[in-house]
Amino acid sequence: VRVSVPHSHAKEILHCLKEKYFRELQDLEVDGQKVEMPQALSWYPEELAWHTNLSRKILRKSPELEKFHQFLVSETECGNISRQEAVSMIPPLLLNVNPHHKILDMCAAPGSKTAQLIEMLHADMNVPFPKGFVIANDVDNKRCYLLVHQAKRLNSPCIMVVNHDASSIPNLQIDVDGRKEVLFYDRILCDVPCSGDGTMRKNIDVWKKWTTQNSLQLHGLQLRIATRGVEQLAEGGRMVYSTCSLNPIENEAVIASLLEKSQGALELADVSSELPGLKRMPGITKWKVMLKDGQWFEEWKDVPSNRQTQIRPTMFPVKDEEKLKAMNLERCLRILPHHQNTGGFFVAVLIKKSPMPWNKRQPKVHQKLPQRTGDTEVTAANSDNGSECITEEPTLAENEESKKPQELQNSDTEQSKKEGVCGPPPSKKMKLFGFKEDPFVFLPEDDPLFLPIQKFYALDPSFPKMNLLTRTQEGKKRQLYMVSKELRNVLLNNSEKMKVINTGIKVWSRNSDGEQFGCAFRLAQEGIYTLYPFIHARIINVCIEDVKILLTQENPFLSKLSSETQKKVKDMAMGSIVLKYDPDPEKPDDLQCPIVLCGWQGKTSLRAFVPKNERLHYLRMMGVEVFKAKRKEEELESKTEEEVQHRLAQTEEGMEVEDKEHNSVTKMEAEIGEESSHSPVESSAMEVENEIEDLDQSSKKVNSPVSQESKDVDTSNAKN
């Protein structure tokens with residue numbers, strides 16, 4: 001279990017874990033066995049990672065552990081903690097990421113390491129837009145959506161998920177002072193596909209399916225991905241190569257081959273002083289290669305010609321002692337399972353000192369695609385030691401596109417860039433697999449949509465409105481997303497060669513009846529911490545008691561809140577608001593970290609617009625027992641279900657009742673603008689009924705225009 005570092009509540013979460021949940025496990029017995037206390041990972045900075053021996057099955061099934069399990073699930077959904085294999089946390093730590101770094105994660109799914117990288121970018125919570133970004137890539141389209149889910153939890157405007165073959169990921173371009181330049185990354189994580197034999201303690205499949213053939217088949221791909229990685233690395237940049245395997249053919253053999261063909265452009269970094277407390281073994285310099293049938297080979301010259309397709313020269317150790325010594329292979333890290341109760345793992349940290357020898361001049365942006373493709377073939381044919389050189393491989397994909405009528409393609413691309421539209425690549429080949437992604441459309445500078453938003457929330461003149469985007473070119477814009485300035489640059493200059501799955505953070509959502517309150521868009525909780533520094537209006541400072549009421553009751557009347565809050569709300573127009581809690585240093589027992597929530601001010605009520613798991617998180621931090629609250633919620637759901645059945649029976653008696661109740665519910669939706677996903681945490685069936693009756697009374701007096709969307713809502717669903 002790893003606590004997210006940039007989270008302003010990291011200390012509070014850690015305190016909650018140690019003082020509450022771990023203490024409750026102290027004298028616990030499950031199935032007659034005493035539960036071992038969770039231990040902090042000695043090598044992980046600031047005690048932010050913990051290890052427990054509890055198996056998934058016991059954690060899920062034991063009633064005694066239900067509370068702890070619910071905490072883990074809920075906080076993981078919010079992005080406050082991540083459940084991750086201990087050794088898997090090592091590569092991002094060794095990358096030494098700073099907030100200004102441009103980072104590429106080449107084989108990113110399922111995304112736990114990507115989440116770590118995003119956390120490192122946001123090390124300073126006071127900077128809403130770090131200058132760096134993470135481009136997370138995976139070859140498997142379906143796994144990309146798993147990656148999106150992981151990244152979304154962290155609510156960052158600096159992450160982009162793309163779908164490419166890592167061994168031929170295209171060269172991207174960026175605009176630097178009006179001229180196009182190739183994008184080089186400061187940090188690259190190269191966690192390649194591997195045989196996974198280091199996971200044999202937890203993965204039963206390894207025992208059934210493992211053969212020496214696995215590593216022989218993967219070696220070539222691993223070397224191609226690593227080669228493509230170092231090509232895209234900036235000079236002075238750092239690349240971490242890692243596998244969850246202990247087979248030297250997937251590890252030292254790949255690194256040795258890479259170092260040999262780099263001719264001094266790369267070196268292995270000495271990281272022996274980093275991560276003190278981590279038990280590690282040095283990389284090895286001697287190994288043999290074995291076939292599936294048990295034949296061993298010590299040198300390439302011993303391999304019979306009929307086996308030379310299975311075994312390649314790059315799989316063998318370097319024989320020249322001087323060369324081998326200069327490589328410093330012992331600087332690689334081997335993590336063995338029995339040393340600190342982990343999985344098996346291999347890590348190598350590479351630093352790029354100069355351009356790769358086959359690419360001495362840093363690549364410039366050319367338009368002569370056929371000629372470059374020809375050059376590539378020559379280079380590949382001339383490359384020594386049997387390995388494939390893939391320097392300019394992305395141009396093959398570009399060449400596919402150039403088969404279309406060139407003039408048409410160029411005019412389309414230019415037009416798209418003018419309009420700020422970044423669609424998927426035009427290549428037909430791309431559309432044969434995966435889902436068709438909507439385009440990314442940046443808001444034009446003079447878009448009339450933005451003016452009412454700017455006025456309503458009194459946005460600071462420094463607000464980067466050019467970074468706002470939507471996912472639709474036609475019709476009403478339903479959501480507004482935001483990316484950092486640097487990611488905007490990448491998106492606008494690479495739309496024709498890059499398949500983007502997802503990017504940006506949601507900052508505003510269209511509210512069906514918001515226009516009558518002065519603004520058609522309400523704030524979204526996902527992006528509130530990014531937006532808050534720029535908002536100067538509609539902010540209500542609330543005390544901790546008010547926060548508890550707002551988070552435990554679905555739509556509390558203003559009379560339930562403190563007199564100070566009531567005074568602040570009195571002169572404010574209805575609509576979306578920001579609820580801000582600042583800790584009081586004189587009350588050390590209260591929550592000592594700030595909270596920013598999205599809210600909605602109705603005529604007689606105030607509500608928080610916060611997803612369920614996030615509500616539970618804030619309540620836990622304030623010391624409110626939410627475990628019971630969940631039980632109450634289940635009871636409430638069963639009560640309201642009976643109530644709905646009763647009301648449906650009444651509806652059949654006459655249309656008059658249906659119309660009356662429909663109006664009351666749609667009016668309630670118009671006033672509170674709630675999404676169905678935000679469910680109540682603690683409320684009573686009686687309160688819900690009273691609110692519906694009160695709103696029914698007010699709907700007779702005030703006839704507000706109801707959108708077509710809410711009119712079309714099925715009556716039974718609306719009541720539910």
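**View 1. Ile135 and the residues around it.** Setting aside neighbours within four places in sequence, Ile135 is in contact (heavy atoms within 4.5 Å) with Ile103, Leu104, Asp105, Met160, Val162, Leu172, Leu183, Tyr185 and Val490. The model you see is predicted, with local features needing pLDDT of at least 70 and side-chain atom pairs pLDDT 80 or more, while totals for chains, interfaces and linings use all residues. Residues are numbered from 1 along each chain as its sequence is written, and side-chain values use heavy atoms, without hydrogens and water.

**View 2. The largest nonpolar core.** A nonpolar core is a set of buried Ala, Val, Leu, Ile, Met, Phe, Trp, Tyr and Cys residues joined through side-chain atoms within 4.5 Å; buried means under 20% relative accessible area (1.4 Å probe, protein chains only). The largest one has 140 residues, and Trp43, Phe68 and Ile135 have the most contacts inside it. Helix α1 (residues 10–25) gives the most to this core, with 8 residues. Another core, of 29 residues, lies apart from it and includes Leu443 and Trp600.

**View 3. Strand β9 and its two faces.** Helices (H or I, at least four residues) and strands (E, at least two) are DSSP runs, numbered from the N terminus. In β9 (residues 159–162), Ile159 and Val161 point one way, Met160 and Val162 the other, and all are buried. In a regular strand, side chains alternate between the two faces of the sheet.

**View 4. The partners of β9.** Strands pair if DSSP finds at least two bridges between them. Strand β8 (residues 133–137) runs parallel to β9, joined by 4 bridges, with Ala136 partnering Val161. On β24 (residues 500–503), antiparallel to β9 over 3 bridges, Val500 partners Val162.

Definitions and conventions:
Buried < 20%, exposed > 50% of the residue type's maximum accessible area, 1.4 Å probe, protein only.
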